Amino acid sequence: MAGYVLRRIGLAGLMLFGLVCLTFVIANVAPSDPAALAAGPDAGRSQIERVRQEYGLDKPLPEQFLRYVTDLAQGNFGQSIATGRPVGTDLARYFPATLELVIVAMTLGVLLGVPLGVLSALRKDGPVDHATRIFAVSGIALPPFWFGLLLQLGFATWLGLLPTSGRLSVFTEPPDPITGLLLVDSLLHGNWALFREAASYIVLPAIVLSLPCLASILRVNRSEMVEALRMDYVVAARAHGVTPWRIVMVHALKNAMLPTLAIIGLRWGWMMSSTVLVETVFDWPGIGLYAVSSAIAGDFKPVMGVTLIVGLNFMIANLIVDLLYGVLDPRLRRA
Amino acid sequence: MSAVAEQAVAAPPRRRLRLAIWLFSRSFSSMLGLVLVSVIVLLALLGPWIVPYPDDVQGGINLANKLQPPSWQHWFGTDEVGNDILTRVIIGARISLLVGIGITLAAAAIGVPLGILAGLAGGRLREVIMRFTDLFLSVPGLVLAIALVAALGPGIVNAMIALTLVWWPGYVRLAESKALSIREEPYIEAARVAGAARARILWRHVLPNSLSPLIVKMSMDIGQAILAVASLGFIGLGAKPPTPEWGAMISIARGYLPEWWWYAVAPGAFIYLAVLGFNLLGDGLRDILDPRSNRG
């Protein structure tokens with residue numbers, strides 16, 4: 001087991017190195033003049049030259065790369081031109097909002113996707129199966145930004161049930177951050193009114209964000225369940241007189257959950273990246289909105305910071321899934 | 001269904017084709033996909049000749065007519081400068097389809113040769129190609145595309161370049177795994193024993209046999225590429241208004257919500273139907289061409 005864990009951590013380390021290389025290439029090789037890009041759209045020639053010297057952009061590429069890596073290792077992502085703060089500070093400030101949104105959306109996706117997948121596998125080729133199939137394909141095809149606008153129009157404007165956008169009303173004082181997640185903090189402070197308010201703001205963006213994830217969890221879980229229910233051990237269990245409920249929930253689902261877990265790991269990273277669209281629609285103050293507003297303003301460093309953070313999340317989620325695989329499937333530890 | 005489909009693979013070519021068409025036409029969702037894709041393709045081909053208001057394509061200004069609700073003259077209403085939204089959405093089909101197909105073809109053109117090469121060459125070359133591919137897979141697509149567009153500068157051409165760079169690794173992975181499994185097949189060995197040149201083996205034996213999963217993936221990817229381009233257009237990094245690109249239209253329409261809600265509805269519905277069409281088509285094609293890989 002220790003060997004398996006070490007190997008997986010080594011692989012994750014390699015991925016991290018790849019991520020750093022990739023962002024370095026994008027920042028320093030792709031643009032025609034990296035210094036002009038780093039200095040921002042309104043910089044004059046002397047300013048660009050100063051940035052070139054300050055960041056060492058006149059040095060050879062290997063030396064620049066070394067400097068880039070040491071900076072990142074110290075948590076230095078550079079300076080944001082628009083906010084005037086270090087990008088690291090901004091990321092620390094915006095990330096909890098995104099994390100909260102992704103956690104809620106992922107919970108929704110798993111809690112609805114897995115049971116619906118099981119249900120459509122049990123009713124294979126029946127009306128429920130066809131309905132969930134159409135639902136799943138729609139979930140992947142719906143443009144999230146448009147779906148978000150429609151939900152805002154329906155639930156916020158016409159029905160008036162939920163707030164349109166933002167994380168809290170502008171008149172509400174946010175609580176002292178403990179974890180940075182409003183839903184958790186308001187509970188820790190024992191403030192129920194605040195919890196309800198935060199929950200009402202998160203519902204719509206979480207639904208929009210969870211839909212593609214829900215759809216793919218549903219599809220994968222369905223096809224794995226169909227496969228698992230055909231296996232010999234299911235027949236054996238049935239012959240032994242195990243109750244149908246137990247066969248589905250324990251024997252089959254346990255085996256179908258492994259590939260589902262892999263999809264959940266992948267989707268965690270993808271969700272972080274689709275927050276770019278969802279946060280833009282709902283003015284959710286997270287890293288996605290930060291990346292978009294920076295990219296539009298030509299403020300380059302924050303975009304690279306967000307890319308690194310999303311990539312890091314993607315990597316960690318995959319690592320956790322790999323390790324869980326090792327725990328759940330003993331055969332893999334020796335492979 | 002899958003048992004019948006697997007028979008289809010074993011039968012001789014003409015009967016195989018007839019069986020495949022029959023299976024495809026029996027599936028409601030596949031046919032829906034085919035119909036949707038055909039409609040989008042027809043709109044894209046005939047666009048300039050069938051739009052009700054050809055003058056609005058370039059973005060004429062007719063302020064007296066602005067923000068009209070849907071009516072018999074303007075099925076989807078008019079936009080903030082008085083252009084007919086139906087006209088602009090039909091022209092948008094042209095842009096989206098072209099861009100979606102362009103990105104997918106470019107990504108496949110880069111990824112498939114690299115993947116086949118990696119799968120057949122093996123050894124160090126394979127290692128280099130696959131590690132390089134993994135590099136691009138270390139960040140989820142949309143964020144990577146935004147970072148690339150931020151580096152290259154906004155605009156529809158740069159958005160296409162960025163999305164192509166994001167998309168090709170998937171084709172390397174697919175082609176490599178196909179090539180790896182085909183390499184072991186007896187008919188490749190037979191061809192080699194018969195003295196076929198390497199290029200001939202690649203072109204005549206490996207490529208045709210990896211074609212089915214490739215077609216399925218390309219069909220799905222055209223849809224996803226249309227969605228990605230619209231997404232970049234929506235956040236302001238893709239096509240710039242007044243180009244009638246669907247995502248960019250929604251981005252402007254957002255400023256006119258909720259009073260003029262119909263402005264945002266039509267372009268979004270077209271994105272949805274186009275992506276849905278290509279996904280259903282890909283799904284249906286997979287059921288008949290590549291029945292064993294029906295996952296996710």
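What share of the contacts in chain B with a separation of 6 or more comes from residues 24 or more positions apart? The figure is 68%, where a contact means heavy atoms within 4.5 Å.

A word on the ground rules: this is a predicted model, in which local features need pLDDT of at least 70, side-chain atom pairs count only at pLDDT 80 or more, and totals for chains, interfaces and linings use all residues. Residues are numbered from 1 along each chain as its sequence is written, chains are lettered from A and ligands numbered from 1 in the order in which they are written, and side-chain values use heavy atoms, with hydrogens and water left out.

Chain B has twelve helices and zero strands; these are DSSP runs, with helices being H or I of at least four residues and strands E of at least two, numbered from the N terminus. Its C-alpha trace spans about 75 × 45 × 30 Å along the principal axes. Of its 296 residues, 52% are buried, meaning under 20% relative accessible area with a 1.4 Å probe, protein chains only.

Most residues other than glycine have a negative phi, and most peptide bonds are trans. Here are the exceptions to look up:

| Site | Backbone value | Loop |
|---|---|---|
| A:Asp283 | phi of about 45° | between α11 (244-282) and α12 (287-296) of chain A |
| B:Leu257 to B:Pro258 | cis, omega near -5° | B:Pro258: between α11 (246-253) and α12 (262-289) of chain B |

Notes: Buried means under 20% relative accessible area, exposed over 50%, partly exposed in between (1.4 Å probe, protein chains only).
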